Amino acid sequence: MISLAGRDILHSWGKFVFTGIGLGLLIGVTLTMAGVYRGMVDDAKVLLDNSGADLWVVQQDTLGPYAEPSSLYDDVYRTILAMPGVSRAANVTYLTMQIRQGDSDVRAMVVGVVPGGPGEPGQPGYLIDGRQITRGHYEAVADIATGFKLGQRILIRRNHYTVVGLTHRMVSSGGDPMVFIPLKDAQEAQFLKDNDAIVQQRRRTAVNPAFNRPGTPGLLDAVIASQSVNPYINAVLVQVKPGFQPEAVAEPIRRWKRLQVYTRIQMEEILIGKLIATAAKQIGMFLVILAIVSAAIVAFIIYTLTLGKIREIAVLKLIGTRNRTIAGMILQQALGLGAIGFVVGKIAATFWAPIFPKYVLLEPGDAVRGFITVMVICVLASVLAIRTALKVDPAEAIGG
Amino acid sequence: MVDELKKGIRIKGLRKRYGKGDTAVDALKGVDMQVTPGEVVGLIGPSGSGKSTLLKCLGAVIEPTAGHMTLGEEVIYDNTWMMPDLRALRRDKIGFVFQAPYLIPFLDVTDNVALLPMLAGRSNSESRKRALELLEALDVAHRAKAMPSQLSGGEQQRVSIARALVNRPPVILADEPTAPLDSERALAVIRILNQMAHQYETAIIVVTHDEKIIPTFKRIYHIRDGKTQEEAGEGRAFE
């Protein structure tokens, strides 16, 4: 038996191909939206993977350091190091900001880490060029997504830093590339006031009789000195010793140090379940709307194509073609259109995904699910056209 | 003669009423008709006389209200359809030639003709062989691979005749087959129908009000106010 749908598609291939391309671009957008969500999830996982930590110690009753602000004293890591099962512990700060680079600026997450070798918690795991931070000040390791070059000087707040190393796929949960700088510099950058504000603060302190007592020389200087340093960090990243379960190490820290400790699984839940949950719902809504729009477009196209063949369908019915053959023809055309659209959409998404500023992860599983969804949409969209075709009266082929 | 009468198509007391009650219209009021194999008869009448209704009833497209129809040796209608599958009836026992050829635009000439036997369950190769034989007989085999849009009007009509004949139906219903054609081509189509009727022993009913071709029929059914009246035609020889 001849494939009526196939012959019709071959006969008017231009119409099908161009319609398929139009539909494909829409499918491409849909696949990309799914890829954006996958990218966000992957960014969150990469953030956790790259931190090199088994436990995140943060301020009590907070979801820090990524989902909520968290503030700890920078000497707390020493007591954590003494806890059973703790192998390494390192302070870390996170600050998302604009970093000046010549006349332009780049949005990045500035990570303050204790200079050390690879494997230390918080350190960039691997470098694609240059070296790790070895000095205590004014050196930076940047993700290549920042666009910074090795040896380039960048401005963070009022200080210039030299890029000494480049890393890859070190991003925040929001997809911003990371710039690693020494911890002390990061602590200063977090709370660095401008000169006028510092003068104002010192003046206010000096006029405060509680700090400027005539009988207590040196008190004012001590207070001003304490105001000019930042002893806070956002989290302590902990690696546990081999053979220890992270939860077993976390529990004593929670109990005895009165701090919040998250394991890798808990942190993943916070990032994916809370931090990007709203964005995921937003994307989910877009996907639903795009699916409806795609279905409406396929339905309209197939319906229009069917209306254009009413006379042929009447003739086919008159000469004895079964309803299921006619329905099959329309269904196959809808599926053909969907297949063309999916191929175009997949190719388009593959080509334009790397151009997106944030990571777009196109997973094969999503492609398979997308293909099945497109086919289901095409089947549903062809129902109206099939109904119309089956209602065609074969008598329409006979004049009069 | 008795055997011949058993073949072809016989209609007795065929009625068709549209609507109900006060608004009911009797389109056919007891039509009698008989066409033997190999015969081409004309069915003529003014607009609104019931030609198309009769054609649709004969073509099993609409159901008559009452009457009796026999196709070949098979009673197909006896106050109700006697065959459960009217599509199969149309596909296997009735050929259609339309005013316009209405070829399927996305199938080439061969497949337009071969589609019917394929729909009837015949193999592709057998269906195409049958189609090519008929195209040969109708002198359009040289356009076998052409698409309908590449054919002239006369060629398209010949292909549609081939399509009507391909399942060897006992009857062909031709609805104004010469309407869009000039005199020469119209007469050529009628000549072909006569040849095919004779060659394939098919009864052909040609609905027409084309004055050019009416003199070619040996027998004519006039339809007026839903009733037929048989007349002898001129049966003028083709030039």
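Biologist: In which sense do E3(B) and E8(B) pair, and over how many bridges?

Modeller: Start with the general idea. Strands of a sheet pair through backbone hydrogen bonds, either parallel or antiparallel. Here, in this predicted model, E3(B) and E8(B) pair in the parallel sense, over four bridges. To see one bridge, find B:Gly42. Its partner in E8(B) is B:Val206.

Biologist: What pairing does E8(B) have with E7(B)?

Modeller: E7(B) and E8(B) are also a parallel pair, joined over five bridges.

Biologist: How many residues of E8(B) are buried?

Modeller: Five of its five residues are buried, and E8(B) is mostly covered. Now sort the side chains by direction. B:Ala203, B:Ile205 and B:Val207 point one way from E8(B). B:Ile204 and B:Val206 point the other way. Residues on both sides are buried.

Biologist: How do I read burial in a helix? How many residues of H2(B) are buried?

Modeller: Count neighbours around each residue. A residue is buried if 20 or more other C-beta atoms lie within 10 Å of its own. In H2(B), eight of the eight residues pass, so the helix is largely enclosed by the rest of the structure. Among them are B:Leu54, B:Leu55 and B:Leu58. B:Lys51 and B:Lys56 are buried too.

Biologist: What covers the buried residues of H2(B)?

Modeller: The cover includes E1, E2, strand E3 (40–44), strand E7 (171–175), strand E8 (203–207) and strand E9 (219–224) of chain B. Then look just past the helix. H2(B) is followed by B:Ala60, whose phi is positive, near 55 degrees.

Biologist: Next, the open sheet of chain B. In what order do its four strands lie?

Modeller: The order is E2-E1-E4-E5 in chain B, with antiparallel pairing. Strand E2 (25–35) and strand E5 (74–78) of chain B are the edges, each pairing on one side only. On average, neighbouring strands are turned by 20 degrees against each other, direction ignored.

Biologist: Which helix packs on that sheet?

Modeller: Helix H2 (residues 51–58) of chain B does, touching strand E1 (9–18) and E2 of chain B. The direction of H2(B) makes about 60 degrees with that of E2(B).

Biologist: How many bridges join E4(B) and E5(B)?

Modeller: Four bridges, in the antiparallel sense; strand E4 of chain B covers residues 66–71. For a residue pair, take B:Thr70, which stands opposite B:Val75 in E5(B).

Biologist: On to the two chains together. How many residues does each give to the contact?

Modeller: Take each side separately. Chain B gives 26 residues and chain A gives 19. On the chain B side, H2, helix H3 (86–93) and helix H4 (109–119) each supply at least two residues. H4(B) gives the most, with five residues. By type, the chain B side divides into 15 nonpolar, three polar and eight charged residues.

Biologist: Now chain A. How many helices and strands does it have?

Modeller: Chain A has 12 helices and 12 strands. Its radius of gyration is 31 Å, well over the 21 Å that the globule rule gives for 400 residues, so chain A is more spread out than a compact globule. Its C-alpha trace spans about 120 × 50 × 45 Å along the principal axes. Of the 400 residues, 40% count as buried.

Biologist: Where in chain A is A:Asp103 found?

Modeller: A:Asp103 is in the loop between strand E3 (86–101) and strand E4 (104–113) of chain A. A:Asp103 is exposed, with 5 other C-beta atoms within 10 Å. Now compare it with A:Met1. Their C-alpha atoms are separated by 69 Å, and the residues are 102 apart along the chain.

Key
Residues are numbered from 1 along each chain as its sequence is written. Chains are lettered from A and ligands numbered from 1 in the order in which they are written. This is a predicted model: local features need pLDDT of at least 70, side-chain atom pairs count only at pLDDT 80 or more; totals for chains, interfaces and linings use all residues. Two strands pair if DSSP finds at least two bridges between them. Axes are lines fitted to C-alpha atoms, for helices over the stretch in contact, and angles run from 0 to 180 degrees between N-to-C directions. Two residues are in contact if their C-beta atoms, placed from the backbone, lie within 7 Å. Ala, Val, Leu, Ile, Met, Phe, Trp, Tyr, Cys and Pro count as nonpolar, Asp, Glu, Lys and Arg as charged, and the others, Gly among them, as polar. The radius of gyration is taken over C-alpha atoms; the globule rule is 2.2 Å times the number of residues to the power 0.38. A residue is buried if 20 or more other C-beta atoms lie within 10 Å of its own, exposed if 12 or fewer, and partly exposed in between; C-beta atoms are placed from the backbone.
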